[in-house]
Amino acid sequence: MIRKFNYTNRIKIKRSDLFISIDRSDRIPRINADLRIEKYNLPIDGVIYIEAYHRTKFERFYFGTVGNFTIPENRNLNSFTIADLEDIRFRVKIVDERNAHGCILALAEGISPISEDKRNANRFSLLGVDLEDMGNRIWELDLEKPDTPWLKINSRLPDPYKLLRNNETFFCMVYPEIVRQILTHILVIIDDEYVLEDFNGEDCDSWELCWLLFGHKLSGKKWPHKNKEEEVRKWIETCVENFCRSQRIMQRMLGVLEEN
Amino acid sequence: MKKTLRAFNDLGISRFRYFLEQLRINGNLSVPFEYLEDTALTTSVDGFAEVDSNVIFSSRLDAGKYFSDVLKEINENEVENIGVWAWLSLFFFDQVCPKNAKGFMNPGQDYRYIPAKGFGKGAHRHLLKIPFIIYKLHGDNAKVLLVSKITKPGNINEEIVSRQKLITNPSIVSVLNELYYDKNENKVKKGIDDKKKILTKKGSLRRFVQIINQLELTYDIYSLTFDGLLDLLPEEFDVWLNN
C-alpha cells in the first residue's frame with residue numbers, strides 16, 4: 001500500500017483551484033493565471049510564484065502574496081518556442097519568506113495550461129507526450145517516470161504531433177492498447193497496492209491512482225485486489241472495452257475505412 | 001574553412017544517420033562533407049551565422065562559448081531545430097568523432113550527433129548543443145559541467161543536465177562549481193563519484209542530488225542564494241570546500 005508521509009506540513013493545492021492559460025494574442029505568448037486559494041488558510045504574506053518549465057527552459061513569475069494577488073506586468077514566456085508551448089507545464093508555489101531560507105507552504109505541480117478550446121481545462125494530464133528517436137518503432141510507453149506515463153512517438157516521423165491530433169487510425173488502434181498496458185503495469189507488474197482511501201476526493205497523489213480511478217469510472221467497478229489475477233485481467237479488459245465504447249472506436253474506424 | 005550555417009532537412013538527417021550507421025561498420029569511411037551544401041539535403045536558416053572548422057574546441061566550455069557567440073544572430077526557433085545541430089555535427093565531425101590511435105572513427109549513439117527530440121533518453125547528450133545550452137544558461141559559472149572534452153561529457157552531465165530542476169537553477173550550478181571544480185587544475189575534482197559505493201559515499205555527486213531532492217520538499221530551492229544553499233548542505237560536503 002502506498003502511504004506518503006508529509007513531515008513538512010506542506011499543503012497540496014488542488015489543480016481544480018488553479019486556472020493557468022497562455023495568451024497568444026501578442027507576438028510573445030504570456031501567462032495568465034487565476035488562483036482560488038482562499039480556502040487553504042495560508043498566511044496572507046505567503047509569496048506566490050508560478051513557474052513555467054519545459055526541458056531545459058524555465059521561467060518564474062512573482063504573483064504577489066496570498067493577501068494581495070498581483071498579476072505581474074511582465075509575464076512573457078520569452079524562453080519558450082512555439083513547439084515548447086505544446087507541452088509546457090506549470091508549478092504553483094506559496095512560499096514563506098519571513099526566514100532566511102524560503103519554506104514552501106503549499107504546492108501544485110505538473111499543471112497543463114487551459115487549452116484554447118478549454119476541453120482540458122485545469123485537468124492533470126493522464127498521459128504526457130514526448131518525441132524520441134526510436135529507430136523503426138512508431139510508439140511506445142514509458143512507465144518509469146514519476147510524474148505521469150509518457151507516450152513516446154518516434155521523432156523520425158515527419159510531423160509526429162499531427163499524428164496525435166488528427167489521425168483517427170492512430171487513435172483507434174493505439175489508445176485502447178495504451179489503456180490496457182498502463183492498467184496492466186499498475187495492477188500486474190509493479191508491486192505497490194493502491195486503495196481507494198488514498199484518494200482525497202479531488203486530486204490524486206500519484207498517477208497510478210489517477211489511472212485506477214479512470215478505470216473505476218470506465219468499468220463502473222473498483223479495481224480488484226492484485227492477488228486475484230483472473231479478476232484483475234477481467235477488470236482491465238472491461239476498462240478497455242468500455243473505453244472503446246465511450247470513444248466510439250469502432251464507428252470511427254469504420255468511418256476511416258469508408259473514406260479510404 | 002568557413003561556411004554559412006545551414007540546417008539538414010529530413011532527408012539530410014536520414015543521410016547523416018545512414019552515414020553514422022555505415023561508419024560503425026567501417027571506421028575508415030570518408031566523411032561526406034559535401035552534404036553540408038547540398039541543397040537537396042539542407043535548407044537555409046532564419047538569421048545568419050558563419051562557422052569556422054579551424055576553430056578547435058579544447059573543452060565543452062570552448063564549444064559552449066563559441067556557439068553562444070556565433071548563433072546569436074539566428075532566430076531562437078532555429079536553436080531547437082535538430083537539423084541545425086546535425087549539420088553542425090557533420091561540419092565539426094573531426095572533433096565530435098575523432099580518429100582513434102589506429103586511425104579509425106568509432107561513432108557513439110546517434111543522439112551524440114543528431115539531437116534526440118523531446119526530453120527522453122539521450123536528449124541531454126548531444127555533444128555540441130548541450131554545452132551551448134549550459135553556457136547560455138549559466139556562463140562561466142558552469143565550468144564544472146563544461147570543463148571536460150567535448151567527446152567526454154562525463155557522469156556530472158548525466159546526473160545534472162538530465163534533471164530539469166537542477167540544470168535550470170543558477171544557485172545549484174554555482175554550488176556544484178564551488179564544490180567539485182578544481183580551479184587550480186581546471187578540471188573536475190577526483191572522487192566526486194564512486195560507482196562501487198555510489199549510494200553511500202558521503203559528499204559524492206549522487207549524494208548531492210539526493211540531498212537537493214530532500215531539501216526541495218521543504219525549501220523553495222530556486223529562491224536560495226549561493227550562500228543560502230551552501231548553508232543548508234550537510235557537513236559531509238565541507239570536505240570539498242577545503243579540497
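**Exercise 1. Work out whether Glu177(A) is buried or exposed, and where it sits.**

Step 1: count the neighbours. Glu177(A) has 12 other C-beta atoms within 10 Å, so it is exposed. The cut-offs are these: 20 or more other C-beta atoms within 10 Å of a residue's own make it buried, 12 or fewer make it exposed, and anything in between is partly exposed, with C-beta atoms placed from the backbone.

Step 2: Glu177(A) belongs to helix 3 of chain A. Helices here are DSSP runs of H or I with at least four residues, strands are runs of E with at least two, and both are numbered from the N terminus.

Step 3: look across the fold. Val240(A) lies 63 residues away from Glu177(A) along the chain, yet their C-alpha atoms are separated by 7.7 Å.

A word on the model before going on. It is predicted, so local features need pLDDT of at least 70 and side-chain atom pairs count only at pLDDT 80 or more, while totals for chains, interfaces and linings use all residues. Residues are numbered from 1 along each chain as its sequence is written, and chains are lettered from A and ligands numbered from 1 in the order in which they are written.

**Exercise 2. Describe helix 5 of chain A, residues 229-246, and find its buried face.**

Step 1: check the length. The helix has 18 residues and reaches 26 Å from its first C-alpha to its last, close to the expected 26 Å. That expectation is 1.5 Å times one less than the number of residues.

Step 2: list the buried residues. They are Trp235(A), Ile236(A), Cys239(A), Val240(A) and Phe243(A).

Step 3: look down the axis. The buried residues of helix 5 of chain A fall within an arc of 135°, so they line one face of the helix. The arc is taken from the directions from the helix axis to the C-beta atoms.

Step 4: see what is on each side. The buried residues pack against helix 3 (168-189) and helix 4 (207-219) of chain A. On the other side, Glu230(A) and Arg245(A) are exposed.

Step 5: go past the end. Arg248(A) follows helix 5 of chain A and has a positive phi, near 55°.

**Exercise 3. Sort out the strand pairings in chain A.**

Step 1: take the open sheet. Its three strands come in the order 8-10-9, with mixed pairing. Strands pair if DSSP finds at least two bridges between them.

Step 2: find the edges. Strand 8 and strand 9 (139-142) of chain A each have a single partner strand, so one side of each is left without a neighbour in the sheet.

Step 3: zoom in on one pair. Strand 9 of chain A runs antiparallel to strand 10 (residues 150-154), joined by four bridges. Here Trp139(A) stands opposite Ile153(A).

Step 4: turn to the hairpin. Six residues link strand 2 of chain A to strand 3 of chain A. Strand 2 (18-23) and strand 3 (30-35) of chain A are antiparallel, with six bridges, and Ile20(A) has Ala33(A) as its bridge partner.

**Exercise 4. Describe the side of chain A that touches chain B.**

Step 1: count. 22 residues of chain A are in contact with 26 of chain B, contact meaning C-beta atoms, placed from the backbone, within 7 Å.

Step 2: find the contributors. Strand 5 (57-65), strand 6 (89-96), strand 7 (103-111) and strand 8 (128-132) of chain A each give two or more residues. Strand 8 gives the most, with three.

Methods: Contact = placed C-beta atoms within 7 Å.
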